[in-house]
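Hi there,

As promised, I am passing the structure on to you. Please open it in your viewer before reading on.

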Amino acid sequence: MLKNIFIVVILVIVSLVLVNVLHKEETYNLKLELLKQEYAFKPIPSVNHYKLPELQKDFKTPQEVTEACLSCHTETHKEVMASSHWNWERLSYVKGEGVSLTGKKNVLNNFCIGSNSNEKACAKCHIGFGMDSNKYDFENARNVDCMVCHDNSEDYMKGASMAGYPDRLVNLKSVAQSVGRPQKGNCGSCHFFSGGGNNVKHGDLEAALLSCSRDVDVHMASNGMNMECVDCHTAENHQILGKLYSVSTSNTNRANCEDCHTNTPHFSNVLNRHGSKVSCQACHIPEYAKVNSTKMAWYWSDAGKLKDGQPFHEEDSLGNHDYLSIKGSFKWERNVKPDYVWFNGTARQYKLGDKITTIPVQINTLFGSHNEKDSKIVPVKIHIGDQIYDKEHMILIQPHLYAEEKGDSAYWKDFDWNKSAAAGMHNAGLPYSGNYGFIKTKMYWPVNHMVAPKEQALSCVECHTRENGRLANLTGFYVPGRDTNKMLDKWGFWLYILTIVGVFGHGAIRVGLKVYNDKYSKQIIEYHGQDLSDDLDG
Amino acid sequence: MNKVYIYSGFERFWHWTQASLIIFLALTGFEVHGSFEIFGFEKAAQFHRIASWMLIGLIVFAIFWHFTTGEWRQYIPTTNKLKDQVLYYLVGIFRGEPHPTSKTKLRKLNPLQRLVYLFFKLLLIPLTVSSGILYLLYKTIDQNNIVVIENYPLESIAFWHTLGAILLMIFLVIHVYMTTTGETPTSNINAMLTGYEDLDDEEENKNKS
């Protein structure tokens with residue numbers, strides 16, 4: 001009998017398991033194969049610049065190269081000069097604050113703080129020549145630096161603190177003759193080293209991507225698709241697709257995974273449906289800073305310690321600076337699990353002169369919430385730290401950091417915060433009370449690169465788990481497996497236990513009484529039997 | 001007493017398949033709920049979906065069967081002898097008293113069973129299945145490959161679905177225990193497996209009443 005029940009139960013379970021086992025997951029993914037085919041063919045340029053007569057001369061200044069470029073590409077400078085790469089600002093809209101110009105010109109960060117009064121150093125990453133102050137002429141086409149993006153010889157580099165001019169060792173002729181489609185190294189020369197060193201700022205963009213395995217980044221892997229940045233960050237008229245929310249505000253002109261992979265990239269529709277609330281990146285970038293460490297914290301308040309009157313530095317076991325007299329102390333991390341936030345594609349930045357309203361100061365704010373239609377969960381790197389602010393005006397201070405020589409009020413030479421703050425704020429045209437302090441700051445960096453092979457994507461339980469899941473900090477919405485109705489669970493559990501106890505109690509009494517009654521009736525029979533025998537004897 | 005063919009082939013198939021599916025759905029469902037770990041969340045969720053469609057299919061057949069055979073009349077509730085039945089389970093059963101109602105092919109269920117199974121069929125299963133379907137259809141993909149999310153909150157759907165599941169599990173415990181209260185402890189289960197049970201003759205019953 002019981003055997004039959006077991007057979008039926010087991011048959012049902014076995015058939016269910018078989019359905020799953022026999023269902024082959026490794027079906028040929030045509031969508032993906034088509035994409036691979038598309039990007040396997042690297043574009044072949046239609047012009048070999050080496051052969052052009054305009055480029056057969058020894059250029060004395062980089063501006064001469066630009067003039068040579070413009071002699072054929074006669075209108076291209078207009079496109080470049082309309083870009084944020086050139087202007088360091090663009091028209092931005094923030095809900096409730098309206099339209100404004102936002103960009104590196106006027107936002108701050110919690111790394112090297114800001115470019116104002118430090119242009120000579122910061123302009124190493126400006127696509128122009130000669131930006132040495134905030135009085136730069138953005139109308140001069142001769143100063144457009146074509147080479148930094150289009151050099152394919154890998155010999156071009158901008159000089160350190162040379163206001164965006166190339167290093168003196170660069171052979172301008174050979175660079176000019178080898179221009180072409182931007183490669184990883186072109187974009188990386190700035191985007192990998194922002195914040196003063198490799199992988200300092202982004203965490204997911206670093207020099208290791210120039211030659212990495214699929215485990216680090218499936219798209220850029222040299223043993224994989226070996227894609228270039230511009231394969232995804234395509235450009236039309238030099239307006240490049242994609243942006244980062246350290247300087248951007250609106251949900252436009254974004255480079256999305258879905259652009260190539262579509263809304264429904266998985267065979268499993270359960271996974272496809274996740275896409276409405278969970279970004280691709282959230283599951284497919286389990287970790288960032290997979291090769292080299294990235295900065296997670298930067299405390300400017302520790303800066304200024306000197307040994308024998310001289311600045312010094314200290315390194316951690318991996319060779320990362322954890323202290324620099326000129327910059328303060330840092331925390332570095334490698335193989336970092338991202339934090340997760342709701343994000344609807346719009347953001348705001350703290351702009352020079354803004355009043356401090358929260359502590360920690362939100363250097364940038366990513367807008368979004370679980371009940372907004374356009375919001376998705378995205379992975380972010382959160383960079384914290386402290387930096388100088390004006391205690392009376394309650395604004396963050398733009399310090400003057402870089403100068404070539406001592407005596408120019410620059411903190412990196414003179415180590416005097418007061419002078420540095422006064423000079424920096426004066427340059428920015430902002431008031432400075434003379435009363436400074438250090439205030440905690442927080443900055444959010446959406447993580448979009450270092451996409452892992454699909455086998456390494458997050459499994460369900462990373463989020464669908466009662467405790468310490470990846471989404472433990474995001475509340476207010478129901479995640480199966482994570483959230484429960486505490487009252488229902490508690491009452492349900494005890495009611496269930498009570499039922500089992502009741503059933504066993506009822507059964508025990510039945511069995512007990514039956515055993516007792518059986519014994520009792522047996523005794524009666526025995527008694528009667530005895531009686532009978534007595535009678536017989538008698 | 002007579003050996004009566006009381007449960008038809010379909011009825012038995014339906015009963016045991018439904019029982020296995022409900023137990024399997026409970027195992028996978030409570031794993032998805034986070035109560036324990038057996039298959040792993042991913043497999044549990046996947047199995048739960050497959051088994052839920054199987055159960056829905058089975059229920060469709062069962063409803064059809066109930067109406068075409070007229071078996072639904074077995075569940076018409078009655079208060080006649082209901083009190084006696086309750087008292088029997090509370091007191092009489094311990095004293096070894098006989099069942100207050102007799103089981104026949106046309107009256108398989110005692111008044112208490114009628115009420116409980118009617119509750120099971122009209123409230124508990126519809127509650128759990130309909131909340132489950134709403135759970136399944138919370139997000140759908142439309143013809144334009146756009147994911148559509150329903151307006152109802154998942155939290156309350158999950159609440160009703162869990163409530164249904166808990167009540168079903170409590171039903172299961174009591175139900176399994178009650179099978180032992182027949183003529184002999186295994187006579188009821190035996191009947192549901194073989195279809196045959198030793199019952200008083202219907203003719204006899206009619207004469208009695």
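A few ground rules come before the findings. This is a predicted model, so to speak, with local features requiring pLDDT of at least 70 and side-chain atom pairs counting only at pLDDT 80 or more, while totals for chains, interfaces and linings use all residues. Residues are numbered from 1 along each chain as its sequence is written, and chains are lettered from A and ligands numbered from 1 in the order in which they are written.

**Where the chains meet**

The contact between the chains draws 41 residues from chain A and 42 residues from chain B; two residues are in contact if their C-beta atoms, placed from the backbone, lie within 7 Å. On the chain A side, the elements that give two or more residues are α1 (2-22), α12 (269-274) and α16 (486-537). Here helices (H or I, at least four residues) and strands (E, at least two) are DSSP runs, numbered from the N terminus. With 12 residues, α16(A) gives the most to this side. By class, the side of chain A that touches chain B has 18 nonpolar, 19 polar and four charged residues. Ala, Val, Leu, Ile, Met, Phe, Trp, Tyr, Cys and Pro count as nonpolar, Asp, Glu, Lys and Arg as charged, and the others, Gly among them, as polar.

**The domains of chain A**

Chain A is split into domain 1 (47-80 + 112-192) and domain 2 (91-111 + 194-397 + 432-458), with bounds that come from an automatic or database domain assignment. Their C-alpha centres lie 26 Å apart. Domain 1 puts 18 residues into the contact and domain 2 puts in 22 residues. On the domain 1 side, α4 (76-80) and α9 (184-191) of chain A are the elements that give two or more residues, and α9(A) gives the most, with six residues. That side has eight nonpolar, seven polar and three charged residues.

**Chain B**

Chain B has seven helices and four strands, in the order β-α-α-α-α-β-β-α-α-β-α from the N terminus on. Its C-alpha atoms fill a box of roughly 70 × 35 × 30 Å along the principal axes.

One helix pair is worth a look. Helix α1 (residues 9-33) and helix α5 (residues 154-178) of chain B pack at an angle of about 135°, with their axes 11 Å apart. Axes are lines fitted to C-alpha atoms, for helices over the stretch in contact, and angles run from 0 to 180 degrees between N-to-C directions. That angle makes α1(B) oblique to α5(B); under 35 degrees counts as roughly parallel, over 145 as roughly antiparallel, 65 to 115 as roughly perpendicular and the rest as oblique. In α1(B), B:Ile22, B:Ala26, B:Gly29 and B:His33 meet B:Thr162, B:Ala165, B:Leu168 and B:Met169 of α5(B). This contact has five nonpolar, three polar and no charged residues.

**A lysine in domain 1**

A:Lys173 sits in helix α8 (residues 172-177) of chain A and counts as partly exposed because it has 14 C-beta neighbours inside 10 Å. Beyond its neighbours within four places in sequence, A:Lys173 is in contact with A:Lys57, A:Asp58 and A:Phe59.

Best wishes

Definitions and conventions: Buried ≥ 20, exposed ≤ 12 C-beta atoms within 10 Å, placed from the backbone.
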